[in-house]
Amino acid sequence: MFGKRREAKDGQQGIALQEGSAPCSFAHCAARTGLSCEYVDRRGRACTTAWCPAHRIIVDGHVYCRRHAGIIAAIPKHVAGSGHAQPLPDLENRAPSLANWVADDCDADIRSLLVHEAQALNGGEVVVDPLIITYSGMDRSRVWERVWKLVEHTGMIYRISIAVEEELDAEVIIKVNQTSVYRAIPPWIGQRLLQRPIRPEVDAQRRKEFHDKIIGYVSRGIARERELRNRFEHA
Ligand SMILES: [Zn+2]
Ligand SMILES: [Zn+2]
């Protein structure tokens, strides 16, 4: 009876509970009920991970690993689902995951900077977007971006973005409104490119310095925008 009831449910629910036979890729998960991540990149290569019902993510009725679920969710639906599909990034392209990682790391501090500005303005709402894809330059190269906004009734006051271009996937670009305030290769990626091992505490220290640098540039960028706006308003 249970099986019958499960069949009756919609596809989304079915695939969420469906038991596969692959070992789950989640660290220390012993389940052997994994279904493969369905991500296939633009060269036709599939993700090799598999996930048990507890550790898989479902997007539009398909199973994905956490990393690829974020990519699929960011690609505009009408394009991702249609015949003229937008090419999905190469499996090893780090642009989406790097943008996400740095954004998660800076999220709390950026929110609190914007909340602080909202208080100074006596209002406004902080809006945080999930991973999005944007296009830059004449060749419309793809950029993976996470965005925080401070929106007031008069419109958008600040837009903070952490972005990584697909073609230049080692470099993080930080923008405040239209201005690029910082771009750099994170220290841990530089280190990996050198292929030299590093002590964990040194790695942690460098990550912290990188984080502090980003927040410092964002903070100064906001101050500059605030000054420009005040000058404009009082002119
Ligand atoms: Zn699992
Ligand atoms: Zn995957």
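**Reasoning from definitions**

Tutor: In this predicted model, the cover over the buried residues of H5 includes helix H3 (66–74), strand S5 (125–128), S7, S8, S9 and H7.

Student: Which residues of H5 are buried?

Tutor: Ala95, Pro96, Leu98, Ala99, Asn100, Val102, Ala103, Cys106, Ile110, Leu113 and Leu114 are buried in H5. Each is called buried because 20 or more other C-beta atoms lie within 10 Å of its own. Over the chain of 235 residues, buried residues make up 24%.

Student: Why is Gly70 called partly exposed?

Tutor: Gly70, found in helix H3, has 19 other C-beta atoms within 10 Å. Burial requires 20 or more, and exposure 12 or fewer. The value of 19 falls in between, so Gly70 is partly exposed.

Student: What makes Pro96 a contact of Gly70?

Tutor: Two residues are in contact if their C-beta atoms lie within 7 Å. Leaving aside neighbours within four places in sequence, Gly70 is in contact with Pro96, Asn100 and Leu131. Therefore the C-beta atoms of Gly70 and Pro96 lie within 7 Å. As for Tyr135, its C-alpha atom is separated from that of Gly70 by 18 Å, and the two residues are 65 apart along the chain.

Student: What makes a set of residues a nonpolar core, and which members of the largest one touch the most others?

Tutor: The members must be buried, of the listed nonpolar types, and joined through C-beta atoms within 7 Å. The largest core has 25 residues, of which Ala99, Val102, Ile110, Ile162, Val164 and Val218 touch the most other members. Helix H5 (95–121), strand S7 (141–152), strand S8 (155–165), S9 and helix H7 (200–233) each supply at least two residues. H5 gives the most, with 9 residues. Apart from this core lies another of 10 residues, among them Leu35, Tyr39, Ala50 and Tyr64.

Student: Which contacts does Ala99 make beyond its neighbours within four places in sequence?

Tutor: Ala99 is in contact with Leu131, Trp144, Glu145, Arg146, Ile162, Ala163 and Val164.

Student: What is the kink in H5, and where is it centred?

Tutor: The kink is about 55° and is centred on Asp107. The angle is taken between axes fitted to the seven residues ending there and the seven starting there, so the value of about 55° compares the helix axis on either side of Asp107. Just after H5, Asn122 takes a positive phi of about 65°.

Student: How is the chain divided into domains, and what makes up their contact?

Tutor: The domain assignment gives domain 1 (2–80) and domain 2 (95–233). Their C-alpha centres lie 30 Å apart. The contact takes 6 residues from domain 1 and 7 residues from domain 2. On the side of domain 1 that touches domain 2, the residues divide into 4 nonpolar, 1 polar and 1 charged.

Key:
Residues numbered from 1 in each chain as written. Chains lettered and ligands numbered in written order. Predicted model: local features only at pLDDT ≥ 70, side-chain atom pairs only at ≥ 80, totals over all residues. Helix = DSSP H or I, 4+ residues; strand = E, 2+ residues; numbered from the N terminus. Domains from an automatic or database assignment. Nonpolar A, V, L, I, M, F, W, Y, C, P; charged D, E, K, R; others polar.
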